[in-house]
Amino acid sequence: MNEPQEKPLRYQEEGNVHLDFHGATNTTIDFIVERYGVDVLHEIFAKVGKDVYADLRRHMMDGDANEMVRHWRYFFDRESADYDIAVGEEEIVLTVRHCTAYHHVAKIAPAVSAHFCDQTIKVNEAIAEGSPYRIDTEITGPGACRQVIRRRA
């Protein structure tokens, strides 16, 4: 008897485009902040969290944080990041010690935008908004962070 196949992730692009995408995003972030301000940047990231990652958001709204964990594992494995995920009863903690995206941008751009990690913070908040969960993101160093999924009280 065959084991049931796990449903593929909704967001599962492959190839080398993804790391270069982070460089383009870094440049775009600075352009938007300089031209329109940080509030507009955060509004854009909130739209990304709600509209682009609608499937992840739907899982969170349905009380299923496991799809977010699968998403994290896929992309951090794909980019050979140094990270771990601890899944507990009360919280799920993603600890990123070396973010491949951040360090790739540091190599290819004149500077990593001061708002580069805002994309993680604001997109996570938007994905979780209105769901039984919240996602708190703490930047712990250059290219390092801690993201925690907790049930709302």
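Two strands count as paired if DSSP finds at least two bridges between them. Strands (E, at least two residues) and helices (H or I, at least four) are DSSP runs, numbered from the N terminus. With that in hand, welcome to this predicted model, where local features need pLDDT of at least 70, side-chain atom pairs count only at pLDDT 80 or more, and totals for chains, interfaces and linings use all residues. Residues are numbered from 1 along each chain as its sequence is written, and side-chain values use heavy atoms, with hydrogens and water left out.

**The sheet as a whole**
- Four strands make an open sheet in the order β1-β2-β4-β3, and their pairing is antiparallel.
- β1 (82–87) and β3 (133–141) stand at the edges with a single partner strand each, so one side of each has no neighbour in the sheet.
- On average, neighbouring strands here are turned by 10 degrees against each other, direction ignored; axes are lines fitted to C-alpha atoms, for helices over the stretch in contact, and angles run from 0 to 180 degrees between N-to-C directions.

**β2 with β4**
- Strand β2 (residues 91–98) runs antiparallel to strand β4 (residues 144–151), and six bridges join them.
- Follow two of the partners: Leu-94 is bridged to Gln-147 in β4, and Thr-95 to Arg-146 in β4.

**β3 with β4**
- Eight bridges pair β3 with β4 in the antiparallel sense, and Tyr-133 has Arg-151 in β4 as its bridge partner.
- A hairpin is formed by β3 and β4, with two residues between them. In its turn, Gly-143 has a positive phi of about 70 degrees.

**The helix across the sheet**
- Helix α4 (residues 66–78) lies across β1, β2, β3 and β4, where contact means heavy atoms within 4.5 Å.
- Helix α4 runs at about 165 degrees to β1.
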